[in-house]
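Trainee: I would like to learn how to read charged pairs and pockets in a protein model. Could we go through them step by step?

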Amino acid sequence: EHDFWKTQPVLLSSNSNQDKYDRALKPDISLEKVSKEFIPISSEFYWCTVDIHKSSQMQELYTLLSHNYVEDSDELFRFHYSPEFLKWALDPPGQNPDWHIGLRSTDGSNKLMAFISGSEIEMKVNSVTKKMAEINFLCVNKNLRKQRLAPILIQEVTRRVNLCNIFQAVYTAGVEIPTPISVCQYYHRPLNSKKLVDTGFSHLPPGVSLAKLVMHYRLLPESNSQMPGLRLMTEKDIPQVRKILNKYLNARTKMHQIFKSDEIIKHWLLPKKDVIYTYVVEDINKTGKITDFFSFYLLPSLILKNDKSSGLNTKKVNPNNLINSAYLFYYGFNLEPASGVEIKDSNISYRDLNESMIKERLVLLMKNCLMIAKKENFDVFNCVKIQDNELFFDDLKFGSGDGHLHYYFYNWVIRDLKNRDIGLTML
Ligand code: EN5
């Protein structure tokens, strides 16, 4: 059990009471002491870095993930990241290309059999600010499972991260390994009930007709809840969005990225068709002043079992074989000028605000978000129970899913966090 994690700087159980928190388990090591050699690997494979700027290599990564990445517990759906999405997710400003690590076959085919990625992220956790590696897209070809390749990929990315003088990492997984800092449930808001029921993503409750269900989840765009001044984010909005986001995360959560530059906000939030959608609310009385924003990304799921589909067996992916899921990314708001609310002291912090004011604003903002996702033809709107998300679930008819997202640190000990203290969204 956990033969690999036993050898790593992670706590092995959540009830291992520590005398000290907010600290590393293993001290930093100097550059000379970090191995300059690849982690040894079976002769069936060789190490490579995947050049995501070469379309042929990006295509190989896309294919590996499309056939072998994360599925739900019943193996009905598999995440289907597009090449454009992967380019966005894997190439933030300052990205180290050596942190796109692959294993290829030595059988003569050179086929990409496994992958892991890292990117540098400035994190604030409780009161400590630290450079960490954000690890994602760990994937091993299905036919090679049980060969213990994941521990080797993790050790190789650890080595390459250590070479850059970074000794902590943050990562998420659908499964439980030693030891989560928080376990957060997925929530779903149907937008296209017929397709969701047809594909087994959701079920008709007993005694409820499809027509009744469609009615229940309808979103009327002509309702009085449309926020005036709502529009797509543009370049000019970047500095204001950055300020709102950093302030919101710092005030409302205990572990989050610090968005250090406008360049980083531009990368993560400026709209990109079929990848990232960000909307801002511009105050109609003060031209250009942004009061709120929200964003979501497109991550389709491939339908694996369906009479009408044959999954990936055909050469091209049939769009009918995909569920178009929107995932909530970041949001934030200034409460001062919102909905007639007057606050005398402009330095008032979010913590001092009545929870119900935050809830009211967020329900309105997220209702607008759902209406846009519906208009953009998404089938379902997903998010995890982190940040202030639980405040809008009931009002906006989100229901809990059967999946959980576990959050982890490597070589960093903290006391468990409540779901609402998590301020990091990973792709
Ligand atoms: C990488 N760093 O399990 C980490 N998804 O609930 C990746 N369930 O879609 C970690 N099983 O509940 C990813 N429908 C971990 C998640 C892996 C994927 C996963 C779950 C999340 C999911 C769906 C489909 C379930 C199919 C059967 C689900 C119910 C929807 C229903 C709609 C109406 C209101 C109630 C909920």
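Trainee: Which kind of contact do the side chains of Asp51 and Lys54 make?

Mentor: Keep in mind that this is a predicted model. The general idea is that side chains of opposite charge can pair when their charged atoms come close. Here the side chains of Asp51 and Lys54 meet in a salt bridge, with 3.4 Å from N to O.

Trainee: Which residue does Lys142 meet in a salt bridge?

Mentor: The partner of Lys142 is Glu71, at 2.7 Å from N to O. This pair links distant parts of the chain, since Lys142 sits in the loop between β5 (128-140) and α3 (149-162), while Glu71 sits in the loop between α1 (55-68) and β2 (77-79), 71 residues apart. Both partners are partly exposed, Lys142 at 36% relative accessibility and Glu71 at 21%.

Trainee: Where in the chain do Lys195 and Asp379 lie?

Mentor: Their side chains meet in a salt bridge of 3.0 Å, N to O. Lys195 belongs to helix α4 (residues 193-198) and Asp379 to the loop between α8 (355-375) and β15 (380-384), so the pair ties together parts that are 184 residues apart in sequence. Asp379 counts as buried because its relative accessibility is 3%. Salt bridges can also share partners, and in this way Glu71, Arg78 and Lys142 are joined into one network.

Trainee: How many salt bridges are there by this rule?

Mentor: The count comes to 20 salt bridges.

Trainee: What is the volume of the second largest pocket, and which residues are closest to its centre?

Mentor: The general idea is that rolling a probe the size of a water molecule over the atoms shows where empty space is left. In this model, about 410 Å³ of space lies in the second largest pocket. The pocket is lined by 28 residues, of which Pro92, Glu120, Ile121, Gln257 and Trp268 are the closest to its centre.

Trainee: Which element gives the most to this lining?

Mentor: That is β4, with six residues. The lining as a whole divides into 14 nonpolar, nine polar and five charged residues, and it draws at least three residues from each of domain 1 (5-182) and domain 2 (184-403).

Key
Residues numbered from 1 in each chain as written. Predicted model: local features only at pLDDT ≥ 70, side-chain atom pairs only at ≥ 80, totals over all residues. Heavy atoms only, no water. Salt bridge = Lys/Arg side-chain N within 4 Å of Asp/Glu carboxyl O. Helix = DSSP H or I, 4+ residues; strand = E, 2+ residues; numbered from the N terminus. Buried < 20%, exposed > 50% of the residue type's maximum accessible area, 1.4 Å probe, protein only. 1 Å grid on protein atoms, 1.4 Å probe; cavity = no way out; pocket = protein on both sides within 12 Å on 5 of 7 lines; lining within 4 Å. Points joined across faces, edges and corners; volume = space filled by probe spheres on them. Nonpolar A, V, L, I, M, F, W, Y, C, P; charged D, E, K, R; others polar. Domains from an automatic or database assignment.
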